[in-house]
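Here are my notes on this one, as numbered points. Have the sequence and the model open while you read.

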Amino acid sequence: MSSDFNTNLNKPQLTLRFKIDEKDFLIAGESASKTKKALQQLGLKQEIVKNIAIIVYEAAMNIVIHAIHGEIKIIIVPDQIIVLSEDVGEGIPDIELAMKEGYSTAPQEVREMGFGAGMGLSNIKQCSDELEIKSTVGSGTTLKATICLNPIDKKQVETGAMYL
Amino acid sequence: MTLREIKDILNAEVLCGEHLLERKAETAFACDLISEMLALANSNTLIVTSLINPHVIHTAEIMDAVGVIFVGGKKLSEDIIKNLDHGNIPVLSTPFLMFNTCGLLFSKGIKGCIRGKRFE
């Protein structure tokens with residue numbers, strides 16, 4: 001599924017990419033660890049790095065558990081970081097329901113590994129300044145989480161001024 | 001309290017990260033669900049779990065945990081430990097079960113995490 005999100009392509013940027021395959025549980029953790037190390041090298045605050053690593057981990061786990069395959073991009077622009085997750089898979093029929101803490105469609109074997117507690121999307125939301133999810137049943141899901149690197153931008157996202 | 005002191009209190013075995021035992025922990029989070037660890041635990045927390053797999057260690061690393069304690073004497077296989085040894089997360093195994101592990105830590109002054117603290 002290709003993305004039609006605005007990702008501020010005009011600005012200079014750096015992008016990290018991770019290909020995620022179905023049932024490859026270790027790749028999810030590795031993607032998040034690598035993201036964390038890369039962002040630490042950029043000198044970002046510990047709390048921001050942690051939040052982005054959590055978003056990448058949860059988004060990657062969602063692809064591993066629910067989709068056929070997908071890709072996660074971490075796009076770094078001067079004032080914000082965008083985590084873009086795109087997958088080919090079943091899609092989400094009811095996004096509002098999927099956002100609910102505790103709601104999960106993960107199979108039993110996944111839960112036995114400690115995943116699939118139904119907190120992934122709400123967790124991503126808590127760690128983001130803005131979250132957009134688009135999904136087509138039978139086709140796939142794209143998720144865009146935006147994290148602002150300074151408080152002024154945060155205000156712009158809250159009021160929607162950034163996209164005017 | 002340092003991890004070395006915690007190791008003694010819990011009669012724990014160090015599975016990896018012996019060199020990191022001077023790290024200090026003030027809070028602990030006991031849980032067997034990955035997403036809950038990511039959602040609810042503060043940074044610099046000790047993870048207490050009976051969930052034994054490498055994902056727990058990845059999770060601990062991502063959430064800036066101080067270390068991981070496996071309860072009930074559970075251990076990861078040697079292969080997995082070998083891969084983790086270059087990592088940044090000390091992993092201990094205590095023979096105590098979950099309730100007693102938490103009780104011992106609490107009685108020695110380790111506090112629980114407070115939900116939402118990360119966002120304050």
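1. First, the ring rule: rings of Phe, Tyr and Trp (its six-membered ring) pair if their centres lie within 6.5 Å, with planes under 30 degrees apart counted as stacked, over 60 as edge-to-face and the rest as tilted. By this rule there are two aromatic pairs over all chains. Phe25(A) and Phe115(A) make a stacked pair, because their ring centres are 5.8 Å apart and their planes are at 25°. That pair links distant parts of the chain, 90 residues apart: Phe25(A) is in helix H1 (residues 25-41) of chain A, and Phe115(A) is in the loop between helix H4 (108-112) and helix H5 (120-127) of chain A. Helices here are DSSP runs (H or I, at least four residues), strands are runs of E (at least two), and both are numbered from the N terminus.

2. A word on ground rules. This is a predicted model, where local features need pLDDT of at least 70, side-chain atom pairs count only at pLDDT 80 or more, and totals for chains, interfaces and linings use all residues. Residues are numbered from 1 along each chain as its sequence is written, chains are lettered from A and ligands numbered from 1 in the order in which they are written, and side-chain values use heavy atoms, with hydrogens and water left out.

3. Phe25(A) is buried at 12%, and Phe115(A) is buried at 4%. Phe115(A) also forms an edge-to-face pair with Tyr57(A), 6.4 Å centre to centre with 90° between the planes. Tyr57(A) is in helix H2 (residues 46-66) of chain A, 58 residues from Phe115(A). Tyr57(A) is buried too, at 1% relative accessibility.

4. Now the cores, meaning sets of buried Ala, Val, Leu, Ile, Met, Phe, Trp, Tyr and Cys residues joined through side-chain atoms within 4.5 Å. The largest nonpolar core has 65 residues, and those with the most contacts inside it are Tyr57(A), Ile72(A), Ile74(A), Val83(A) and Val68(B). H2(A) gives the most to this core, with 14 residues. A second, separate core of 16 residues includes Leu3(B), Ile6(B), Val14(B) and Ile110(B).

5. Over in chain B, look at the open sheet of six strands, ordered E1-E5-E4-E3-E2-E6 with mixed pairing. (Two strands pair if DSSP finds at least two bridges between them.) Strand E1 (13-16) and strand E6 (111-112) of chain B stand at the edges with a single partner strand each, so one side of each has no neighbour in the sheet. Strand E2 (residues 27-30) and strand E3 (residues 45-49) of chain B run parallel, joined by four bridges. Phe29(B) stands opposite Ile47(B) in E3(B), while Ala30(B) has Val48(B) as its bridge partner.

6. Five of its five residues are buried, so E3(B) is largely enclosed by the rest of the structure. Both faces are covered: Thr45(B), Ile47(B) and Thr49(B) are buried on one side, Leu46(B) and Val48(B) on the other.

Notes. Buried < 20%, exposed > 50% of the residue type's maximum accessible area, 1.4 Å probe, protein only.
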